[in-house]
Amino acid sequence: MKDFEFECWDCWETNFVKGRPKGFWTTTHYELPGKWNCWSCGAVNTTPDD
């Protein structure tokens, strides 16, 4: 598991989203949740595709 930083679209707080490797052999490709809730304001955010 690896932490990725994203800013909330509503309150601009930094959130850490956990990503898990897409396969047991890779350390460069991670699968992230499509949506997550901000820890500060509770707004639903979407993970960018890039």
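This is a predicted model: local features need pLDDT of at least 70, side-chain atom pairs count only at pLDDT 80 or more; totals for chains, interfaces and linings use all residues.

Tutor: Residues are numbered from 1 along each chain as its sequence is written, and side-chain values use heavy atoms, with hydrogens and water left out.

Student: What pattern does the chain follow, read along the sequence?

Tutor: Helices (H or I, at least four residues) and strands (E, at least two) are DSSP runs, numbered from the N terminus. The chain has zero helices and five strands. Its pattern along the sequence is therefore β-β-β-β-β.

Student: In what order do the three strands of the open sheet lie?

Tutor: Two strands pair if DSSP finds at least two bridges between them. Six bridges join β1 to β2, and two bridges join β2 (residues 14-21) to β3. The edge strands, each pairing on one side only, are β1 (2-7) and β3 (30-31). The pairing is antiparallel, and the order is β1-β2-β3.

Student: Which residue in β2 stands opposite F4?

Tutor: Strands of a sheet pair through backbone hydrogen bonds, either parallel or antiparallel. Here β1 and β2 run antiparallel. On the other pairing, R20 stands opposite E31 in β3. The residue opposite F4 is V17.

Student: Which residue takes a positive phi in the hairpin of β1 and β2?

Tutor: The hairpin has six residues between the strands. The phi in question is near 65°, and the residue that takes it is W12.

Student: Is N15 buried or exposed?

Tutor: N15 lies in strand β2. Leaving aside neighbours within four places in sequence, N15 is in contact (heavy atoms within 4.5 Å) with F4, E5, F6, C8, W36, N37, C38 and W39. Buried means under 20% relative accessible area, exposed over 50%, and partly exposed in between, with a 1.4 Å probe and protein chains only. N15 has a relative accessible area of 4%, so it is buried.

Student: How many disulfides does a search of the whole structure find?

Tutor: A disulfide is a pair of cysteine sulfur atoms within 2.5 Å. The sulfur of C11 is 3.7 Å from the closest cysteine sulfur, in C38, which is too far for a bond. C38 is likewise in no disulfide. The number of disulfides found is zero.

Student: Which of these descriptions applies to C11: buried, exposed or partly exposed?

Tutor: C38, at 5% relative accessibility, counts as buried. The relative accessibility of C11 is 27%, so C11 counts as partly exposed.

Student: What share of the accessible surface of the chain belongs to carbon and sulfur atoms?

Tutor: Accessible areas come from the Shrake-Rupley method with a 1.4 Å probe; for residues, only the protein chains shown count as cover. Of the 50 residues of the chain, 24% count as buried. The accessible surface comes to about 4,100 Å², and the share belonging to carbon and sulfur atoms is 51%.
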